[in-house]
Amino acid sequence: MSNVEQKMNQNLSRNIDTNVKVIQSLLKQNDDVVERTFYLPNQQGNKGTLFYVEGIVDTDKIERALKDLMYTSSANSNAVQTTSTESNLAMSIQTHMSHNSSVKVANTLQEGINGILLGDCFCIIDQSEQGLIFSGKGGEKRSVEEPMAEQVVRGPRDGFTEDIRTNTALVRRRIRDVHLKVEGLELGTKTKTTINVSYINGIVKESLVEEVKQRLNKIEIDGILESNYIEEMIRDAPYSPFSTVLNTERPDKVAAALLEGRVAIFVDNTPFVLVVPAHFWDFLQASDDYYLNFLTGTFIRWVRYIAFIISLTIPSIYVLLTSFHQEMIPTALALTIASGREVIPFPVLFEALVMEIIFELMREAGLRMPKPIGQAVSIVGSLIIGQAAVQAGIVSPFMVIIVALTGISSFSIPNFSASYSIRLIRFPLLIASGTLGLLGFIGMFFLLAIHAVSIRSFGESYLAPATPFKPKDQKDLLIRFPWWHMKNRPELAADNGIREANEKPAPPDKGNSETASNKISDEMNSDANTTSTANKKDASVQRKKSKRIKRKTVKLKDLMKDKNDEDQKSQDNE
Amino acid sequence: MIRKLYKLVILMAIMFILTSCVGKREIDDLAMVMGVGLDLVENKNGEEEVKVTAQIARPADARGQTGAPSGQTGEPIWSISATDKSIFGAIRKLENLSSRRIFWAHSYVIVINEDLAKNGIKDIIDFFIRNPELRMRTWVTVTPDDASELVSSLTGLEVIPGQSIEGLFKYSDITRAAPRSQMIDLHAAYLSDATQPYVARLKLETNELSNQTPEQGEMYKNVTHAGTGVFKDDKLVGTLSAKETRSLLLFVENIKSGVSIIPCAENEEDVTTFELVHEELKVIPDYKEGTPEFTLKVKTTGKLVETDCAIGFDDDQKIKELESNIEEKFKKDINKVLDKIQQEYGVDILEAGNSFNNKLPSKWKEMRVNWDDHFQDATFHVDITAEIKSGALLIEPTESNKRADE
């Protein structure tokens, strides 16, 4: 091992053959490493060798680089001449000969080897103590697709991919601001995974960025294969069932978070981007809330809040009512429940646990099974659980309803990691209420509540803005206020001054509508800088007007025609 | 941190396991009582004992098949009874008979036999208030019949008698044949220094025809509302009939509906029916020469729903006449009830003491000790205005035109 490191730290030798030997010894037993030898077209005819890894490079790019290095044409003959005379061969190739957009000069073997493994192409030339790294990253990539885990009805359909550059580009496409920063670092001693920390300067609190970077730099691990590796190592409450880091596949969600003063962490090779800090409520909010009418948005948000409460508490409440507090059930309902349970041989708690586990089994099996067989699971599941189990007298029909309701509710929570954590904390609640009744339920609920209140996410209270109560942030909690009303950024942003200066939209005054539009176009005309656009707008207004007139005349003509016809008819009758 | 977590987990496990589900009883291990009947019986030694009858629902029969097929007997209720010196003693004896734990919280109704009620119901009030399993919103009633029989007779469309008695009370504001007396009201009235308790009265009546053999005539017994039981302290002193109860309810409940039948002016046999829509009572207490005095301002509005008389709703004269007839009739009814309550029973069940206390608290302090005596001496002035607001869908009288043609 030390032998390898020694070799890696070595500087490049002037003799190409020694260099080639060292690289070969480092990269031996690798079928996918390609070595290509060529001669420069200058007077000396220096020998050069190119190394790259097949599959992670774009072969076209490599070929273009080779073309630059091997051919002389009238266009670059001067350049070739200069390389012959200049002492620093690599530098002059970089500046004069190569067309590659990001060619770099490498001084050590280590840089070169890393370049090769990252998907670039490393070129060494005889009589030069420096090598060249041509960017050649390429290979097969998944294209941008609709995110599988977070779908919306209205809203952008693009989702992150495994390629980090594509991902940052998707966000940059949304925020074209000079203040948007994408800082890079590399984590994982073996995987050398690229990590990008993104934020908007001026909006984000600087201390937050510092904290994120500090926590990331503390990570020492050999490999990072998914963003959860990082999530677990930067979490504030490592043992908590609640997740304090938001993960998302949606670039629009990341963009929105950046605009609120949060920090996004991109990890290469995974479509899941991390967003910090995250509040509890963020996991219950979907992008749809903001893309639909605010009334609709508020309504569906409430549906989700209710779904959360149902999926957390309904099984426990049913169990505690039927096995401890029968006097709390309305009489008619109590009779119905009792009649359904008449022949059930198990206690309610056991029945509930069995049903919950069967449900989880079905969900897991449906997920793991190959898609064509997946349907079979649901058929078998619904038949066995929904009918046969009830008919056989093993579970009561009420319990089936309760478990189904719980399942459906937990699926309507938009963030799947949050829905998993709710599923988890349901079980202690269920056991507590099945053994101690309402007392156990309340005790366990309070334990969970105290825990949730106590944890923080990157300095932000987890349950904010509900508790601690932040009056300014209430505009985006229970009710999603209309966009023209959300004038400030959330309190976690450094710059929570005015975000927008819109007034409530209203139609122009009735009487002056025509003159108002004229005024606008007049103003535009007078503004010398915007003449062309104003003209365009004017033209479009004109076009619209003429269209309207045309439509009117057509209508009039139709009317006239009808009338004429009628006249004709009446004349005929006479 | 990890040790703390382990400790917490172990602590939880110990708490859940060692308590071993204390107090747990599954809903299907309960015998849910739907109604309680209390009778007075004599034992072999000639001592008086309480007989408690519990009407217990069989869920599988009361609801039909909801899950897996379960044994159904076709009998939605199961009635059992036991006697002992105290109610609780009898209830404990009931447990001997029952395969499931008897659960009282869902009881709809408590029926007390009048003989028992005459001896005093203090122990009953105490027991049903003290017991944590029993609800304060249970209906309390008295009956001249056997409470055990009444509790176990099937009534109405419901399969559980308790439920049908609950239904009777639910819609009692249309018939107004009995007050809506719940345990909580009885308790409050018993504790109060100003009012005396009253409860609804139930009776068994045979008035249901068999579907198969209607020619046999009425054969099934039905529970009906039959007025009010009037208490002095905890002892039943008398009853008001269903008709008298209507006037009583004017004082103690919000009236939403009622029916009054008035003979026509032209022909005594023909009648006009007046449906009460809204009735308002304003009590103005006063104090004159050592006796309390009450002015009762009653405002009645209603509509004409049925008439044999030739009254058109546009006929102002006749409508006025009708209104004054109604006023007269109402006044007579109210005075009759007032006389009965004041002179015969001598108990204030009208909450007159309360309104007197509100208006004249200083005088009340002098009178509260012997309020029932003062109540007997009190004078009531009844002032009624009746108004017929609509003739429902008809304005013209329903008259055949054939006669006019002859």
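Hello everyone. When I say helix today, I mean a DSSP run of H or I that is at least four residues long, numbered from the N terminus. Please keep in mind that what you see is a predicted model.

Let me start with one helix, H14 of chain A, which covers residues 348-368. Glu364(A) and Arg368(A) both sit in H14, four residues apart, or about one turn of the helix. Their side chains form a salt bridge, and the closest N and O atoms are 2.7 Å apart. How many salt bridges does a search of the whole structure find? Over all chains, the search finds 43.

Now to the layout of chain A. Chain A is divided into domain 1 (2-134), domain 2 (164-278) and domain 3 (291-461). If you take the C-alpha centres of domain 1 and domain 3 of chain A, they lie 62 Å apart.

That brings me to the largest pocket, with a volume of about 1,300 Å³. There are 37 residues lining the largest pocket, and the closest to its centre are Asn114(A), Leu117(A), Leu118(A), Thr191(A) and Lys192(A). On chain A, the elements that give two or more residues to this lining are helix H1 (2-9), helix H6 (109-118), helix H7 (164-172), strand S6 (180-187) and strand S7 (193-200). Which element gives the largest share of the lining? That is H6(A), with five residues. By residue type, the lining of the largest pocket divides into 13 nonpolar, twelve polar and twelve charged.

Let's bring in the partner chain. In chain B, 36 residues are in contact with 36 residues of chain A. The two chains, B and A, bury about 3,000 Å² between them, with 65% of that on carbon and sulfur atoms. Three residues to look at here are Phe16(B), Ile27(B) and Arg63(B), which supply 21% of the area that chain B buries against chain A, more than any other three residues. The count of salt bridges between chain B and chain A is four. Glu342(A) forms a salt bridge with Arg100(B), with the closest N and O atoms 3.4 Å apart.

The contact takes 18 residues from domain 1 of chain B and 21 residues from domain 2 of chain B.

Let me finish with some backbone details. In chain A, the peptide bond from Ala464(A) to Pro465(A) is cis, with omega near 0°. A cis peptide bond also joins Thr467(A) and Pro468(A), where omega is about 5°. Where is Pro465(A) found? Pro465(A) is in the loop between strand S12 (460-461) and helix H18 (513-526) of chain A, and Pro468(A) is likewise in the loop between S12 and H18. Over in chain B, Asp233(B) has phi near 55°, a positive value in a residue other than glycine. Asp233(B) is found in the loop between strand S8 (218-232) and strand S9 (235-240) of chain B.

Methods
Residues numbered from 1 in each chain as written. Chains lettered and ligands numbered in written order. Predicted model: local features only at pLDDT ≥ 70, side-chain atom pairs only at ≥ 80, totals over all residues. Heavy atoms only, no water. 1 Å grid on protein atoms, 1.4 Å probe; cavity = no way out; pocket = protein on both sides within 12 Å on 5 of 7 lines; lining within 4 Å. Points joined across faces, edges and corners; volume = space filled by probe spheres on them. Nonpolar A, V, L, I, M, F, W, Y, C, P; charged D, E, K, R; others polar. Contact = heavy atoms within 4.5 Å. Buried area = accessible area lost by both parts, 1.4 Å probe. Domains from an automatic or database assignment.
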